Amino acid sequence: MVKKAQTKRQPWVKNLYSNREYPDNYTDASFLKDLRTNLHVRIYTLSEAIAGITVLNNQISCITGFLILYQLMLSDRVSPTTILVPSCGITGIGYLCYRGRSLSWALLGEDSKTLVTVVFFGYLFSPMLHTLTQAISTDTIYTMTFFVLLGNMIFSHYGLDVAMVSKAISLNAAIFGAICLASRLPSSYHAFVLLVEAAVFFVLYPIMTEANWRAGFMVPIFGICCLALYWISRPVLYLYASTTVFINFVCPFIFVWQQQYKFNIHGPWDEAIVEENTDENLDENL
C-alpha cells in the first residue's frame with residue numbers, strides 16, 4: 001500500500017507550495033539540470049600573464065627612477081642641470097613620437113603655451129615649495145613620501161576599469177610626494193628640477209606609454225634603474241631586482257597555475273542582468 005501511494009504522488013517541481021507530498025528539503029535530479037560551471041571564464045597563458053604584469057613593474061620602475069634622481073641631487077653627485085637637459089630632450093622626442101602624423105603647427109602652439117605656463121609658474125613658486133615642508137622632520141617626510149608613492153602605485157591605471165582606479169588621486173599623491181622631498185634638497189633650483197622630473201615621470205610618461213604599451217618597453221627603464229642603483233647602493237639594487245623578478249615571473253606562474261581551481265557556478269538563481277536598449281540590440285530584445 002505504501003509503494004502504491006508513493007507512485008500516485010505528483011512529480012516534484014521547483015515550487016515549494018506545489019510539493020506538499022514531499023519534505024521541504026527534498027530535491028530530485030531535475031533540481032540541478034540548469035547548472036552551468038565556468039561560463040565566460042578566460043584562461044590566460046603564462047606569456048599573457050607575464051606581458052600583463054609588466055604594466056605594474058613599469059610603474060614601480062617609474063617611482064624607482066624618480067627616487068634615484070632625488071638621491072643623486074641630494075648627495076650632490078649630479079647637478080640639477082645635468083638631469084634637466086637630457087630629460088627635456090628625451091621628453092621632446094617622446095612628444096614627437098606620441099603626436100606622430102597628427103602633429104600640426106596649431107597643436108604644437110597650444111601644447112607649447114601649456115608647457116611654458118607650467119614651467120613658468122613652477123619656477124616662480126619653487127622657492128615657496130622648497131620651504132613649504134622644511135619645518136617637518138626628515139623621518140616624517142620620508143614616511144609620508146613612502147605612503148603617498150604607495151598610493152600612487154595602488155590607484156594608477158593599469159588598463160582595467162575598476163572602482164579603485166583614480167588618476168587624480170594617483171597624480172596628486174605623486175606630486176605631494178615630490179613636494180615633500182623637495183624640502184630636503186639644497187636649493188630652490190633643485191626643488192624646481194625635482195618637480196619637473198615628477199611631471200615627466202608621473203604625468204607625461206604614463207600618457208605616452210598608456211596608448212601604445214608593449215612588454216618590451218619595460219626593459220630599458222629597468223636596465224637604467226639597475227645601472228644607477230649599482231652605483232648608488234648594492235642592497236637596494238638587489239631588493240629592486242629581486243622584487244621585479246618575483247612580480248614579473250613568479251606571480252604570473254602562480255596565477256596561471258591557480259586557474260585550474262576556478263569553479264564558478266551559474267543557474268536560474270543568478271541575479272538578473274538588465275541590458276540597456278541600444279540601436280544594436282533593440283530588435284533582439286523586442
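Q: Helices are DSSP runs of H or I, at least four residues long, numbered from the N terminus. Given that, in which helix does Trp231 lie?
A: The model is predicted. In this model Trp231 lies in helix H8, which covers residues 218–232.

Q: Is Trp231 buried or exposed?
A: Exposed means a relative accessible area over 50%. Trp231 has 53%, so Trp231 counts as exposed.

Q: What does Trp231 touch, leaving out residues up to four places away in sequence?
A: Contact means heavy atoms within 4.5 Å. By that rule Trp231 touches Leu72, Arg77 and Val78.

Q: Where does UniProt place the feature "transmembrane region"?
A: Such annotations may be inferred rather than shown by experiment. The UniProt entry, which is unreviewed, gives residues 49–72, 78–98, 110–129, 141–160, 167–185, 191–208, 215–232 and 238–257.

Q: How much of residues 49–72 and of residues 215–232 is helix?
A: An annotated span can be set against the helix assignment of the model. Residues 49–72 are 100% helix and 0% strand, and their end C-alpha atoms lie 35 Å apart.

Q: Is Thr54 buried or exposed?
A: Buried means under 20% relative accessible area. Thr54, placed in helix H2 (residues 46–74), has a relative accessibility of 4% and therefore counts as buried.

Q: Which side chain makes a polar contact with the side chain of Thr54?
A: A polar contact is a pair of N or O atoms within 3.5 Å. The side chain of Thr54 pairs in this way with that of Trp213, at 3.3 Å. Setting aside residues up to four places away in sequence, Thr54 touches Trp213, Ala215, Met218 and Asn248.

Q: What does Ser61 touch, with residues up to four places away in sequence not counted?
A: Ser61 is also found in H2. The list of contacts is Met218, Ile221, Cys225 and Tyr240. At 0% relative accessibility, Ser61 counts as buried.

Q: How do H2 and H7 run relative to each other?
A: Angles over 145 degrees between N-to-C directions count as roughly antiparallel. The axes of H2 and helix H7 (residues 188–211) cross at roughly 165° and come within 11 Å. H2 and H7 are therefore roughly antiparallel to each other, and their crossing is right-handed.

Q: Which residues of H2 and H7 meet?
A: From H2 they include Asn58, Cys62, Phe66, Leu69 and Met73. From H7 they include His190, Leu194, Glu197, Phe201 and Thr209.

Q: How is H5 set against H6?
A: The reading goes by the angle again. Helix H5 (residues 138–155) and helix H6 (residues 167–182) have axes that come within 8 Å and cross at roughly 160°. That makes H5 roughly antiparallel to H6. Here the crossing is left-handed. Among the residues that meet are Tyr142, Thr145, Leu149 and Phe155 in H5, with Ile169, Ala173, Phe176 and Cys180 in H6.

Q: How many residues apart along the chain are Thr209 and Gly94?
A: They are 115 residues apart along the chain, while their C-alpha atoms are separated by 9.6 Å.

Terms used: Residues numbered from 1 in each chain as written. Predicted model: local features only at pLDDT ≥ 70, side-chain atom pairs only at ≥ 80, totals over all residues. Heavy atoms only, no water. Helix = DSSP H or I, 4+ residues; strand = E, 2+ residues; numbered from the N terminus. Buried < 20%, exposed > 50% of the residue type's maximum accessible area, 1.4 Å probe, protein only. Polar contact = N/O pair within 3.5 Å; in protein donor to acceptor, adjacent residues only side chain to side chain. Axes fitted to C-alpha atoms, helices over the stretch in contact; angles between N-to-C directions. Parallel < 35°, antiparallel > 145°, perpendicular 65-115°, else oblique. Left-handed = near helix turned anticlockwise from the far one by under 90°.
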